[in-house]
Amino acid sequence: MTSQPRERVVTLIRGDGIGPEVTDAVLAILDAAGAPLDFEDAVVGRKAEEEEGDPLPARVIESIRRNRVALKAPVGTPIGKGFSSVNVRLRQTLELFANLRPVKTVPGIPARYTGVDLVVIRENTEDLYSGLEHVVVPGVVESLKIITEVASTRIARFAFEYAKREGRRRITAVHKANIMKLSDGLFLDCFRRVAAGYPEIAADDRIVDAACMRLVLNPDIFDVLLLENLYGDIVSDLAAGLVGGLGLVPGANLGREAAVFEAVHGTAPDIAGTGQANPTALLLSAVLMLRHIDLPTYAETIERALLATFAAGIRTPDVGGTATTSEFAKEVARRLT
Ligand code: ATP
């Protein structure tokens, strides 16, 4: 007799824009797969601010700390004014210091390249995302870029441990240490010091602008990329473009006490409510989550069904198809075996 695994409670953030649509699609697939998950809804963002006076209520942080895992759809951030980013606050409060974004060619999806298999690792807690900005005098603002030895060493160690565990052969640190000699120089020094302890993994580095050109010309030369927060944000979107776009690329924010799984994409207000959103990125984030909480069989079943759906030519419009979000989810669910 095989025993059913115990239900795992997961905090769920449905998000804004296309968030609720892709969340519904992913929940339907997880449910059809029989994944033993119980979701605890948590409201953040504008609605939470209106109702509770804080876009990231303490209750939500407590829920994630208690469950140690969350599945999160994109949450909007007002541009130039209003509350500060819930996404950034969440990562900083829970010390989700590592952002992991595997970028892989998806068979059956039209893209410029084949055989892309990269992992982007982004430091998640500091850099220009520290939110330290002020007006020096009218017309002049200063934004502080914070880079510390502790956080740079921590993310470098994470990257090498990840590479070792996953059989990756090379890590490239991406920086602008020729210009930002102190801040990016420190990041690079920490990387090199940590690399010395992992002689079995090749370590090199590239300047961020040159790395972007190389990525576009020939992504095959890269394996794992390690970046500070801002470069990581930008290069993640660039890397997503190599394999067919933001609708496909998953992500994980990992810390010592919790993990939050979310797609690389944002709220996509331009297509919200139209049924065109691709739920693949959030679905693959859920797949990463299932592996993280030790439910690999469900992860594999879902991944197989997703690939079978693409192989049958069923796709959402962002990747050249005509299926709506919910039609696509139904097709994936139908192929779960
Ligand atoms: P935000 O400010 O929340 O980051 P944004 O529109 O600036 O929103 P994204 O949401 O990442 O940035 O979207 C960038 C582009 O990619 C948009 O044209 C959007 O429609 C498209 N896009 C993003 N995610 C998806 C998805 N899941 N399915 C289809 N298209 C997507």
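1. Start with helix 5 and helix 6. Helix 5 spans residues 149-166 and helix 6 spans residues 183-195. The two pack with their axes 8 Å apart, at an angle of about 45°. Angles of 65 to 115 degrees would count as roughly perpendicular, and those under 35 degrees as roughly parallel. Helix 5 is therefore oblique to helix 6. Their crossing is right-handed. Note that this is a predicted model.

2. Helix 1 covers residues 19-32, and helix 9 covers residues 280-292. Their axes come within 9 Å and cross at roughly 45°. That angle makes helix 1 oblique to helix 9. The crossing of helix 1 and helix 9 is right-handed.

3. A polar backbone atom of Thr 267 is 2.7 Å from an oxygen atom of the ligand. For Ala 268, a polar backbone atom is likewise 2.7 Å from a ligand oxygen. Asp 270 uses its side chain: an N or O atom there is 2.8 Å from an oxygen atom of the ligand. On its own, the ligand has 610 Å² of accessible area, and the protein covers 65% of that.

Definitions and conventions:
Residues numbered from 1 in each chain as written. Predicted model: local features only at pLDDT ≥ 70, side-chain atom pairs only at ≥ 80, totals over all residues. Heavy atoms only, no water. Polar contact = N/O pair within 3.5 Å; in protein donor to acceptor, adjacent residues only side chain to side chain. Areas by Shrake-Rupley, 256 points an atom, 1.4 Å probe, with all protein chains shown as cover. Axes fitted to C-alpha atoms, helices over the stretch in contact; angles between N-to-C directions. Helix = DSSP H or I, 4+ residues; strand = E, 2+ residues; numbered from the N terminus. Parallel < 35°, antiparallel > 145°, perpendicular 65-115°, else oblique. Left-handed = near helix turned anticlockwise from the far one by under 90°.
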